[in-house]
Number of protein chains: 2
Amino acid sequence: MKTKVAINGYGTIGKRVADAVAAQDDMEVVGVVKTRPTIEAKFAIAKNYPLYVTEVSKKQAFVDADIPIAGTLDDLLAKADIVVDCAPGKLGAENKKIYETKGIKAIFQGGEKEGVADASFNAQNNFRNCIGKQFIRVVSCNTTGLCRTLGEINRTFGVKKARVVLMRRGPDPGDSKKGPVNAIVPNPATVPSHHGPDVNSVLPDMKIVTSAVIVPTTLMHMHSVMVELEKEATTNEVKELFERAPRIITVRAKEGIESTAQIMEYARDAGRSRSDLNEIAVWEESINVLGNELFYMQAIHQESDVVPENIDAIRAMTGLTEDAVRSMIKTDTALKLKKWW
Amino acid sequence: MKTKVAINGYGTIGKRVADAVAAQDDMEVVGVVKTRPTIEAKFAIAKNYPLYVTEVSKKQAFVDADIPIAGTLDDLLAKADIVVDCAPGKLGAENKKIYETKGIKAIFQGGEKEGVADASFNAQNNFRNCIGKQFIRVVSCNTTGLCRTLGEINRTFGVKKARVVLMRRGPDPGDSKKGPVNAIVPNPATVPSHHGPDVNSVLPDMKIVTSAVIVPTTLMHMHSVMVELEKEATTNEVKELFERAPRIITVRAKEGIESTAQIMEYARDAGRSRSDLNEIAVWEESINVLGNELFYMQAIHQESDVVPENIDAIRAMTGLTEDAVRSMIKTDTALKLKKWW
């Protein structure tokens, strides 16, 4: 019997998680929750995801828009084994009270504070620690990217100290309201930023300091990573490590991938759903070991890198498997995350 | 008698250097050189800068545009004590052959390679080393910014190792041809970038590693700086150091300066020529000492931070003074670089 998954919130992350759940053979979407009858609600219906509203008072707007509603969040939670909370940041903490009352397992996203959940989750790094837990938080897109590559580095060479500068995208591509249009915004203006402690929610012993700015782009985040290593490493060993690792791809400027724009073009050419890139893209040319310090630059597709993590978290929490690698392979195969080269 | 200064190239840097020279009481603009009769040529005439062409064949286009020409570069060099070469990057190396033939002193800009000159110049750091030299290169806007703040840090606390991520603007504000429009571009895709070695052309003993990207903005560059210190320092000591230092200002997000956009607005409100900011702006909130490591973020006005450096370089090379501080105060007073707070 398939694990029954409810998705509470059908926006940027929720709609992607729904499609990713639907692509697996061991779980199914029993319903998605929306608050307003937007075009995304119509897509949910078109994809045969039963559509629910957060509360009865929200229903009339959908009726007026001729969009069929299967019931309320309460009705949906009664049918589900687990709920993936993809509500806008900080709302998850409110929703948790409902999930606690119902006694249902829930996955929160990285916009929530660490304390909302029993543990923070990243499949490559702490899958086992999340087995059977009731509340899990899949860390944010940036933290996921850092955990993936720094986790690999740490297991193989040991991280003595990591320093990362994050250049964050402004709005998502489908958002026409926010900026910045022409400015670089220290965000936060204080150093260090919260991203280091967030990595520690998955990798508690890692010494990491981060600073962050927002720049006028919609496509991807970028990280410039500097890592003092415990053990000796060569540039080639790191390149090979990243090439072998799951959910990390290496890209090459010499092949024309000169910016985040060409990375997104790669995802389009690769036929990915929504032209997403679920993997972290590391520029091969940027990988360089100088003495005991490793340097590299990586790009993060903020809309989609956490999607496979949500799928693996579902498996860890509901007992579908206790094997992280098996779960990741299953997830990535279903999502067609083939490494082309 | 005033030092007679020729400006070869009247673009982004050249027109600013010309105005800065004209603002001093110990030097004068004897002429500026342009290759094409653009609107900038008309401004030069309006400002009473005698206008010269690079060679006779270029003259007719100016005659056709009704713009009076005083002669050729050769004619101008015969009248000048020193030439500031503000030709587009790499052309300076070609022009050097002409200057060598004429035996005239020349200042090159940071777009030229280090080897073009007898020394690289930054007023705060190596004024004395450039006294009387024939060929000097004023380092680039980014390198100038790094030399200013890291130089101060190094003299007071000692720099054990500096790590810097540079987020560079795409085109200048007056350029409608170049990008990126919506992408982050590792530039170079290799790490380290050339900026570290360029800092070493002024501060040869500093251990510094840099990586760089280009982001879609026109206003300013931004640096996230991480410095392991030799001596103990407190956050407040560093703040005070930057507040006291010439050509560095501290800005505060809590006062509304939340991005490079508001820094430029500050320069407009401060009544600066062309709304330029010749100083390096450091976010006060970003200054933080954790253990033996200092963090800060700074913004660089790429069009103008090197302008006062060119003025000081003229003084060092032509013997107007051997005192760096005296020259800098004179320059900054004439340019009205008042620290408002």
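Leaving aside neighbours within four places in sequence, with which residues is B:S259 in contact? In this predicted model, the contacts of B:S259 (heavy atoms within 4.5 Å) are A:A183, A:I184, A:V185, A:P186 and B:W283. B:S259 sits in the loop that joins β13 (248–251) to α10 (260–269) of chain B; helices (H or I, at least four residues) and strands (E, at least two) are DSSP runs numbered from the N terminus. The relative accessible area of B:S259 is 5%, so the residue is buried (under 20% relative accessible area, 1.4 Å probe, protein chains only). Between the C-alpha atoms of B:S259 and B:A299, 40 residues apart along the chain, the separation is 9.0 Å.

Chain A contains twelve helices and 16 strands. Its C-alpha atoms fill a box of roughly 65 × 45 × 40 Å along the principal axes. Of its 341 residues, 61% are buried. Among contacts between residues at least 6 apart in sequence, 71% join residues at least 24 apart.

For the complex, the predictor gives an ipTM of 0.92 and a pTM of 0.95.

Residues are numbered from 1 along each chain as its sequence is written, and chains are lettered from A and ligands numbered from 1 in the order in which they are written. Local features need pLDDT of at least 70, side-chain atom pairs count only at pLDDT 80 or more, and totals for chains, interfaces and linings use all residues, while side-chain values use heavy atoms, with hydrogens and water left out.

How values were computed: Buried means under 20% relative accessible area, exposed over 50%, partly exposed in between (1.4 Å probe, protein chains only).
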